[in-house]
Amino acid sequence: MFDTLSDRLTSVLQNLRGKGRLSEADIDATAREIRIALLEADVALPVVRAFIAQVKERAKGAEVSGALNPAQQVVKIVNEELIGILGGETRRLQFAKQPPTVIMLAGLQGSGKTTLAGKLARWLKGQNHAPMLVACDLQRPNAVTQLQVVGERAGVAVFAPEPGNGVGDPVDVARRAIDEAKRAQHDVVIVDTAGRLGVDEELMKQAADIRDAVEPDEILFVVDAMIGQDAVNTAEAFRDGVGFSGVVLTKLDGDARGGAALSVRQVTGQPIMFASNGEKLEDFDAFHPDRMASRILG
Ligand code: GDP
């Protein structure tokens, strides 16, 4: 499918063996190849530029060692820098000292929030938590039913507005859900919110109102890895409109190379915490920066 970055750099740097250091020209030639690899992986251009500047700086000082050929050495630097930016180690969920812990999900419609709500609930249940899902996406027809189906599959409780009461007020639903969670001793509450296909001010305000009503311990921004370069604008809009403490990348089972991960992380500074990689509830895992780095580099 793609030439790997390592293959490409090997051909660029094949005459380098025996030199003590990478020259300026070698580094420039290498940077071009890295730039192509990152753009092919759908990393946003400003992020590519910043990243390359960083790698160049490190490559300048690097000596060509005996053990690795220069191409391998540059790939090693790129890989290490990439893992560093992607978060180094996986960040874990912060649980509230006083339960329930409230986790709010935000993201565009279709990003995979409702599916993720079920996955996260199932995963938490497996760790002896007693999660409850809350249907605050009252915008999309069927979203409530979809969450109920997902909840049933995950074997967890779902709090939803009573049918027949019109669209309903998601902020009120969220508030009542927290009371219910306390009463029924659910220690984690996962709040699904509405999202439009594009960023939408009214829904962003709704999400902010829900946030203010439930004071979440974590707000997870859910983003589809397939949206590639658009991830930057979407992430910035959600950062400014609602704010978030962590990121979940979805649809990693698709053929996206994962540039969205690097872009979102670099632009917002928030950690990527989970990866969703399929439609089934068990297609879910903590995010691993090293695996993502290999995927982005090809
Ligand atoms: P929401 O609008 O953000 O709540 O998104 P949904 O959870 O309804 O997901 C939108 C579509 O993407 C559904 O058809 C899901 O089955 C699908 N989906 C969600 N997560 C994944 C994933 O990780 N991989 C794949 N292939 N499909 C997913």
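## Elements and model

Helices and strands here are DSSP runs numbered from the N terminus, a helix being H or I over at least four residues and a strand being E over at least two. The structure described is a predicted model.

By that numbering, β6 covers residues 246-250 and α10 covers residues 259-268, and K251 is found in the loop between them.

## Lysine 119

K119 belongs to helix α5, which spans residues 113-126. The residue is buried but forms no salt bridge. A salt bridge would need a side-chain nitrogen of Lys or Arg within 4 Å of a carboxyl oxygen of Asp or Glu, whereas the nearest side chain of opposite charge to K119, that of D283, is 5.3 Å away.

A polar atom of the K119 side chain does lie 2.5 Å from the backbone oxygen of G278. Beyond its neighbours within four places in sequence, K119 is in contact with S276, N277, G278, K280, L281, D283 and F284.

## Residues 271-284

The unreviewed UniProt entry lists residues 271-284 under "domain: SRP54-type proteins GTP-binding". In the model, this stretch is 43% strand and 0% helix. Its end C-alpha atoms are 17 Å apart.

## Ligand surroundings

Which residues are closest to the ligand? They are G110, T114, T115, D253 and E279, out of 17 residues that surround the ligand.

At G112, a backbone N or O atom lies 3.0 Å from a ligand oxygen atom. At K113, a backbone N or O atom lies 2.8 Å from an oxygen atom of the ligand. The side chain of D253 has an N or O atom 2.7 Å from a nitrogen atom of the ligand.

## Backbone exceptions

Most residues other than glycine have a negative phi, and most peptide bonds are trans. The bond from P99 to P100 is cis, with omega near 5 degrees. P100 sits in the loop that runs between α4 (70-85) and β1 (101-106).

Q185 is not a glycine, yet its phi is positive, at about 60 degrees. This residue lies in the loop between α7 (170-183) and β4 (188-193). Is Q185 buried or exposed? With a relative accessible area of 67%, Q185 is exposed. K251, also not a glycine, has a positive phi of about 60 degrees. K251 counts as partly exposed, at 33% relative accessibility.

Note on methods: Residues are numbered from 1 along each chain as its sequence is written. This is a predicted model: local features need pLDDT of at least 70, side-chain atom pairs count only at pLDDT 80 or more; totals for chains, interfaces and linings use all residues. Side-chain values use heavy atoms; hydrogens and water are left out. Buried means under 20% relative accessible area, exposed over 50%, partly exposed in between (1.4 Å probe, protein chains only). Lys and Arg count as positive and Asp and Glu as negative; His and the chain ends are not counted. A polar contact is a pair of N or O atoms within 3.5 Å; within protein, one must be able to donate a hydrogen and the other to accept it, and residues adjacent in sequence count only if both atoms are side-chain atoms. Contact means heavy atoms within 4.5 Å. UniProt positions are given in the numbering used here, feature names are shortened, and annotations may be inferred rather than shown by experiment. A residue is near a molecule or strand if one of its heavy atoms lies within 4 Å of it.
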